[in-house]
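Welcome! Take a moment to look over the chain, and then let us walk through it together.

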Amino acid sequence: MTVTRKLWSRAADGKAIFKYTITNSKGASVVLSNIGAGIISINVPDRNGKLGDVVLGYGKAESYFGDGPCAGKCPGRFANRIAKGVFELGGKKYELPINNGPNHLHGGPDGFQNQVWDSRKSKGGVEFIYVSKDGEAGYPGNLKVMARYDWSENNELILTFTARTDKETVINLTNHAYFNLNGKGSVLRHYLKLNASEYLPTDDTLIPLGEPEAVAGTPMDFQNAKTLGRDIKKDFPALNYGKGYDACWCIDGYMPGQLQDAAELYSKVSGRVLKITTTQPGIQVYTGNWLEGCPAGKRGRIYHDYDAVALECQHFPDSPNEPEYPCTVLKPGKLFKEAIIFAFSVR
């Protein structure tokens, strides 16, 4: 395993922006950036052994700041939405920036995804560190976060999040990579299977209504593999609100701290398979419904709606306002730790 680092650009404040490349003995590689602890590229073989990049990304470092899709990056302090940007903790009300309709999304416009993290090579992997100060974007507590990436000889990308705080706070971390197992074109003919018999219905601003509902008999049922495009045009609230899939599924068998199967994505064209396991309770599936007009991609490619799918393992949206959901509160002296594994193979 080799890990290399090179200077890519500099942020407006002069901070160095680096690209890290981890390559295994078979030549498969992952390219990372310290903008939002992001995934820039994942180069893995198809069924014929030809390497190809299966992740959406941009040609210029500057394009990663403030991009609508949040491509490949790790949003925070709270990934996904908090209703009306308000929550209560310890009897105190906290107000957050509104940046998605009436709601707070991905930590606000200056969330972790738009920050240049500290970074270093470490024991064959790459570590990104960000310190979010007490009051940043309205959140309480000085929070120190580490996102560590490891790349295996078997083409598994292992992402581990850890965090500590000096004051009670809320936290929800994920990676927002967009996948296309063919490397280009629409993903609507990709097959998706989810280990989820329930999902979270939402209002028209994508805030959960409360209790999970069964997917059986609805377009939200991916318990058996089907193409992303099969039901995407059905007349169904969750599809109408987002012009496609943009919802959170509840992973079956969830137990805190235990890895559980979450999703499997497959392309008949390339033969590539992506299997995702995680310690987190939910997976947000977003079919790139609004990619049109985002920054130019690598090698000048122009992205269109449905050119990639994001599979974001995370805690449930609006958890700080839903006491019945798995807890997202982090207390001083406790360690936040979650993992996501992206395992690539061929069929």
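The model you are looking at is predicted. The backbone at A37 has a positive phi of about 50°, although A37 is not a glycine. Is A37 buried or exposed? With a relative accessible area of 0%, A37 falls under the 20% cut-off and therefore counts as buried.

Now follow the chain to the loop between β5 (51-53) and β6 (81-82), where you will find R77. The peptide bond that leads from G76 to R77 is cis, and its omega is near 10°. N80 sits in the loop between β5 and β6 as well. This residue, too, is not a glycine, yet N80 has a positive phi of about 70°. N80 is buried, because its relative accessibility is 2%. For background, most residues other than glycine have a negative phi, and most peptide bonds are trans.

Next, turn to the nonpolar cores. In soluble globular proteins, nonpolar side chains tend to be buried together. Which residues touch the most other members of the largest nonpolar core? They are I42, W249, I283 and F344, in a core of 67 residues. Strand β12 (residues 143-151) supplies the largest share of this core, with 5 residues. Another core, of 19 residues, lies apart from it and includes V31, Y178, C294 and Y303.

To finish, zoom in on F344. Leaving aside residues up to four places away in sequence, F344 touches I42, V44, V54, W151, N154, N155, F179, L181, V273 and L274.

Notes
Residues are numbered from 1 along each chain as its sequence is written. This is a predicted model: local features need pLDDT of at least 70, side-chain atom pairs count only at pLDDT 80 or more; totals for chains, interfaces and linings use all residues. Side-chain values use heavy atoms; hydrogens and water are left out. Helices (H or I, at least four residues) and strands (E, at least two) are DSSP runs, numbered from the N terminus. Buried means under 20% relative accessible area, exposed over 50%, partly exposed in between (1.4 Å probe, protein chains only). A nonpolar core is a set of buried Ala, Val, Leu, Ile, Met, Phe, Trp, Tyr and Cys residues joined through side-chain atoms within 4.5 Å. Contact means heavy atoms within 4.5 Å.
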